[in-house]
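User: Could you help me read a structure? I would like to start with one residue and then look around it.
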Amino acid sequence: MQMNTKNNLAGLEKYSRQLLSSKDATHGLGRALRNLVREIALFKNHTGAKHSHTQRRFPRVQIGGGTHYLRGFLNIDINNPADLIYDVREGIPLPNSSVQFLFCEHFLEHIDYPASVKKMIKEAHRILIHGGKIVIGVPDTALVIGAYAKKDDKKLKEYTKKWYGKRGILKHFNTAIDVVNYHMRDMDDSEKYAHHFWGYDQEKLESLLKRAGFHHIQIWKFNSAIANPKRKFGSIYIEAKK
Ligand SMILES: C[S@@+](CC[C@H](N)C(=O)[O-])C[C@H]1O[C@@H](n2cnc3c(N)ncnc32)[C@H](O)[C@@H]1O
């Protein structure tokens with residue numbers, strides 16, 4: 001990173017934090033500043049890490065695993081713990097045709113669609129060997145929209161409780177549409193929970209993978225030896241081959 005970029009960013013972060021803690025920041029400015037501070041932290045992680053893995057071959061790779069660190073995999077994430085700290089919106093820093101199995105769970109909804117999502121899937125295709133497999137798991141938006149369309153209050157209550165019950169935000173779920181919105185756009189003022197940018201269903205995942213050149217696209221049977229058991233409820237997983 002250029003020295004002046006580093007200094008400018010450090011200044012911007014310091015000033016943003018000062019403004020955030022002052023009484024001057026309006027609610028809207030506060031939200032924008034928190035996003036900025038978050039992005040600066042990701043940028044610092046990304047540019048500060050040494051990418052010693054990038055020329056090696058790894059049979060199994062996980063992207064966006066967070067604390068669900070998988071032994072026997074190369075775990076790539078923008079935050080610790082990870083073997084390789086990297087902002088995947090910038091690409092996947094592995095050689096062409098070097099990976100046999102790529103796993104990625106509850107990650108896609110956290111990056112912007114279309115630019116970063118399409119880039120990530122294209123990169124996934126590039127790094128996989130011929131016949132290599134990708135598995136993508138996401139929160140299943142069809143479930144929540146299906147329940148909303150059927151006015152199935154019982155299901156909507158179940159989703160609300162299971163997904164958001166521990167967050168102390170239930171007072172904001174006043175009508176059925178609130179759970180749909182939280183599912184797709186989770187963007188309240190929480191520092192802890194990262195935003196959701198997009199909703200996915202089977203058709204969307206299949207379309208993304210097909211357009212990137214994948215085939216043999218089908219539902220992946222949940223396997224708790226790899227997947228995070230807490231994602232079993234309410235997620236959809238698709239596998240495909242290069
Ligand atoms: C909701 S967590 C999911 C963690 C794990 N896969 C699971 O299902 O429990 C999303 C993960 O994606 C990572 N992440 C978000 N944006 C990223 C990016 N641009 N590049 C790499 N990792 C990112 C976050 O750091 C976080 O660990």
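Analyst: We may begin with R211, which lies in helix α7 (residues 202-211). Helices here are DSSP runs of H or I with at least four residues, strands are runs of E with at least two, and both are numbered from the N terminus. This is a predicted model: local features need pLDDT of at least 70, side-chain atom pairs count only at pLDDT 80 or more, and totals for chains, interfaces and linings use all residues. Residues are numbered from 1 along each chain as its sequence is written.

User: Is R211 buried or exposed?
Analyst: R211 is exposed, because 11 other C-beta atoms lie within 10 Å. The cut-offs are 20 or more such atoms for buried, 12 or fewer for exposed, and partly exposed in between, with C-beta atoms placed from the backbone.

User: And how far is R211 from K118?
Analyst: Their C-alpha atoms are separated by 9.3 Å, although R211 and K118 are 93 residues apart along the chain.

User: Let us turn to the sheet. What is the strand order?
Analyst: The open sheet of 7 strands runs β3-β2-β1-β4-β5-β7-β6, with mixed pairing. Its edge strands, each pairing on one side only, are β3 (84-85) and β6 (215-219). Two strands pair if DSSP finds at least two bridges between them.

User: How many bridges join β4 to β5?
Analyst: There are 6 bridges between β4 (residues 99-105) and β5 (residues 128-139), and these strands run parallel. L102 stands opposite I134 in β5. Together with helix α3 (residues 115-127), β4 and β5 make a right-handed β-α-β unit. Right-handed means that, with the strands pointing away from the viewer, the path from the first strand over the helix to the second runs clockwise.

User: In which sense does β7 pair with β5?
Analyst: β5 and β7 pair in the antiparallel sense over 7 bridges, and V135 stands opposite E239 in β7. β6 also pairs with β7 (residues 235-241) in the antiparallel sense, over 3 bridges. There, E239 is the bridge partner of Q218.

User: New topic: which residues are closest to the ligand?
Analyst: The closest are G64, G66, I78, V88 and H106, among 17 residues that surround the ligand. A residue counts as near if its C-beta atom, placed from the backbone, lies within 6 Å.

User: Finally, how far apart are the centres of domain 1 and domain 3?
Analyst: Their C-alpha centres lie 32 Å apart. Domain 1 covers 3-48, domain 2 covers 60-140 + 200-241, and domain 3 covers 141-185. These bounds come from an automatic or database domain assignment.
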